[in-house]
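Let me put the structure up and then walk you through a few spots.

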Amino acid sequence: MKETSFLFRNDHEANQFNLYLITTEHGGIANIDSRTITLPNYQFNRTSLIDFIYPFILDVYVPRIAQKILQEAYYFDQREVEQIIPYVISLSTTPKILHSEFKHSLYERLVQFIYHLEDLTEINMNEIYQQLFLLEDDWFEIVGYGIEEWKEEMLFQDRMHQLRTYIEDQEPFFSHVIVYYRNHPILFRQNGQIIQDHIISSASIPFQEQMDQSKVISKLLAIAPEKVDVYASNGKVHEIYSLMNIFQERIRLYPIEQFPFQSKLKRAND
């Protein structure tokens with residue numbers, strides 16, 4: 001009779017795999033016997049087996065090795081570990097972009113392992129974990145890169161919090177500002193009057209020495225408006241994303257074609 005069995009290190013891991021099966025499309029009945037889960041009437045070829053177990057490896061085994069390294073080598077507490085693990089998962093799929101010495105992704109390593117198996121009817125998942133994680137020194141570096149990305153994100157969020165707090169406490173220079181943003185930002189008051197740069201530069205901010213005054217973020221931080229209507233081209237997505245992070249509910253976005261003061265643009269660009 002055709003069947004495929006998966007052998008696990010312990011009952012907990014077998015239960016994790018059983019829960020994973022619920023999310024898959026294999027459509028069969030799983031028989032559970034302690035640390036072994038059998039799919040009756042179900043056999044895989046190498047390609048289908050790789051694609052079947054890879055998401056489980058990514059979601060269960062990567063967090064396991066990451067937690068082990070983060071706690072035993074870097075001494076992070078559980079709260080920090082839980083924050084860092086998503087970065088490690090993301091980086092483990094494309095490690096080659098991190099360092100030229102990383103030759104294979106996790107998926108490629110799994111392919112190499114599966115293609116050396118002779119028996120595809122009994123899969124020892126603990127052996128897979130041993131080969132792909134415990135015997136691969138690269139995981140220490142991948143986890144290290146994950147820590148760096150987490151720290152950068154924490155610094156970014158702290159910076160965003162500082163700017164939001166500043167805006168909340170600042171008296172608006174203009175309550176409502178309209179931004180036309182194609183090649184460079186042009187700011188208007190609600191009545192269509194252009195806000196000249198010398199007016200903006202006179203509204204100094206504590207972050208000014210770190211900000212590029214040519215950027216729309218710097219200009220709006222100086223004015224600290226209560227309401228901002230932004231008409232932007234698609235090429236400015238990155239700065240608009242940052243604007244929304246800082247100004248949040250104060251921002252409203254519109255297609256640049258709907259800008260209401262088209263007649264005043266030529267004068268602004270002269």
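Let's start at Asp229: setting aside neighbours within four places in sequence, Asp229 is in contact with His176, Val177, Ile178, Val179, Arg252 and Tyr254. Contact here means heavy atoms within 4.5 Å. Asp229 sits in strand β7, residues 227–232. Helices are DSSP runs of H or I with at least four residues, strands are runs of E with at least two, and both are numbered from the N terminus. So is Asp229 buried or exposed? Asp229 counts as buried because its relative accessible area is 5%. The cut-offs are under 20% for buried, over 50% for exposed and partly exposed in between, with a 1.4 Å probe and protein chains only. The side chains of Asp229 and His176 are also joined by a polar contact of 3.0 Å. That term means a pair of N or O atoms within 3.5 Å; within protein, one must be able to donate a hydrogen and the other to accept it, and residues adjacent in sequence count only if both atoms are side-chain atoms.

Quick housekeeping: this is a predicted model, so local features need pLDDT of at least 70 and side-chain atom pairs count only at pLDDT 80 or more, while totals for chains, interfaces and linings use all residues. Residues are numbered from 1 along each chain as its sequence is written, and side-chain values use heavy atoms, leaving out hydrogens and water.

Zooming out, the protein chain has ten helices and eight strands. Of its 270 residues, 44% are buried. Among contacts with a separation of 6 or more, 69% are between residues 24 or more positions apart.

Now, α9. Its buried residues are Glu239, Ile240, Ser242, Leu243, Asn245, Ile246 and Phe247. They pack against α6, β5 (176–181), α8 (216–223), β7 and β8. Just after α9, Gln248 takes a positive phi of about 50 degrees.

The largest pocket has a volume of about 240 Å³. Twelve residues line the largest pocket, and the closest to its centre are Phe156, Met160, Ile217, His238 and Ser242. A pocket, on a 1 Å grid over the protein atoms alone, is an open set of points where a 1.4 Å probe fits, with protein on both sides within 12 Å along at least five of seven lines; lining residues have an atom within 4 Å of a point. The volume is the space filled by probe spheres set on the points. Which helix gives the most to the lining? That's α9, with five residues. By class, the lining has seven nonpolar, two polar and three charged residues.

Over to α2, residues 46–72, which has a kink of about 40 degrees centred on Ile57. The bend is the angle between axes fitted to the seven residues ending at a residue and the seven starting there. At the N-terminal end, Asn45 caps α2, with a side-chain oxygen 3.2 Å from the backbone nitrogen of Thr47.

Asn41, in the loop between β3 (36–40) and α2, has a positive phi of about 60 degrees although it is not a glycine. Tyr75, in the loop between α2 and α3 (78–92), also has a positive phi of about 60 degrees without being a glycine. Asn41 is exposed at 61% relative accessible area, and Tyr75 is exposed at 67%.

Note on methods
Nonpolar A, V, L, I, M, F, W, Y, C, P; charged D, E, K, R; others polar.
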